[in-house]
Amino acid sequence: MDARKMPTDNPRNQNGIGENELLVISVGTSAPEIRRLTIGAIEAAIENAFPEYTVRRGFTNQTIICRIKHREGISIDNAGEALARAAANGVKNLVIQPTHMMDGVEYRKVVTEAAKYQNSFSSLSIGAPLLTSDEDFRSVADALVSSTAAYNDGETAICFMGHGTEAASNEVYARMQKLLWDSGWAHYFIGTMEAAPTGEDVLAMVKSGNYSRVLLRPMMIVAGGNVNHHMAGKEAGSWKQIFQSAGYEVVCQVHGLGELEATQNLLINHARAAMDKSKKL
């Protein structure tokens, strides 16, 4: 689904759901256009893939929900509210598909909240996060490479910034780095905003090669304000400033993974697997 051809963002908080609901739960973003191009695009792609389901939205970040309400006057359900709405609307078959990158803290919040409603529906299933199986990692790695193909010139270090977490799930970044290097993409580097590898760590890796230019992109579903600040910002300590200070030409592309068709298709596959599992129970 090309989100750039979509109308304005749809909060998907309507009632009249029907018997089958597919609840797409994301961390969220308060930037309307980014929300439309990433989360909205994923929701629309899922809706097209499963016309027999009504697609609804939930966010896990309450601060973002409150900010959207204050700035835009738009109400977006948190996970608990979305689940309560489904139960009140008489939904029988509920599939929850999170858009989270990994099985980390935010994904676990969804699982915990859903457990409170396990007796409210005839069937309730939860899809896996984006990076789960070996095939998931391969698909996303291929998408990272194809989305930056114009910079595969031998002179550009292509660096992706993930969010990062102190939890064990942070290992997904090292796993993606190894996969890229093992696949022959030695000029691709993965770091994080809030954990390891840091921007300084990535700079040290880039310095080991013979590069004159650096391309910076986020490895996040949504490229929100944190990306503009920590990756592409003018402030000291941003990745852009770190690399420019080291003498590199820096190009920043602020595009979330949610814009990519490969990401949308992976989440569709995870939702389908959750449905299939539910039917077998």
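Reply: To sort the residues of a lining by class, Ala, Val, Leu, Ile, Met, Phe, Trp, Tyr, Cys and Pro count as nonpolar, Asp, Glu, Lys and Arg as charged, and the others, Gly among them, as polar. With these classes, the lining of the largest pocket divides into 11 nonpolar, 16 polar and three charged residues. The model examined here is a predicted one.

The volume of the largest pocket is about 770 Å³. Its lining is made up of 30 residues, of which Val27, His100, Glu106, His163 and Asn226 are the closest to the centre of the pocket. Among the elements that contribute to this lining, α3 (62-72), α5 (105-115) and α9 (225-230) each supply at least two residues.

The residues that line the largest cavity are Arg12, Asn13, Ile17, Glu21, Arg56, Arg57, Asp77, Ala82, Arg85 and Ala86. Two or more of the lining residues come from each of the elements β2 (54-59) and α4 (79-88). The largest share belongs to α4, with three residues. By class, this cavity lining holds six charged, three nonpolar and one polar residue.

Taken together, the lining of the largest pocket includes 16 polar and three charged residues, whereas the lining of the largest cavity has one polar and six charged residues.

Conventions. Residues numbered from 1 in each chain as written. Predicted model: local features only at pLDDT ≥ 70, side-chain atom pairs only at ≥ 80, totals over all residues. Heavy atoms only, no water. 1 Å grid on protein atoms, 1.4 Å probe; cavity = no way out; pocket = protein on both sides within 12 Å on 5 of 7 lines; lining within 4 Å. Points joined across faces, edges and corners; volume = space filled by probe spheres on them. Helix = DSSP H or I, 4+ residues; strand = E, 2+ residues; numbered from the N terminus.
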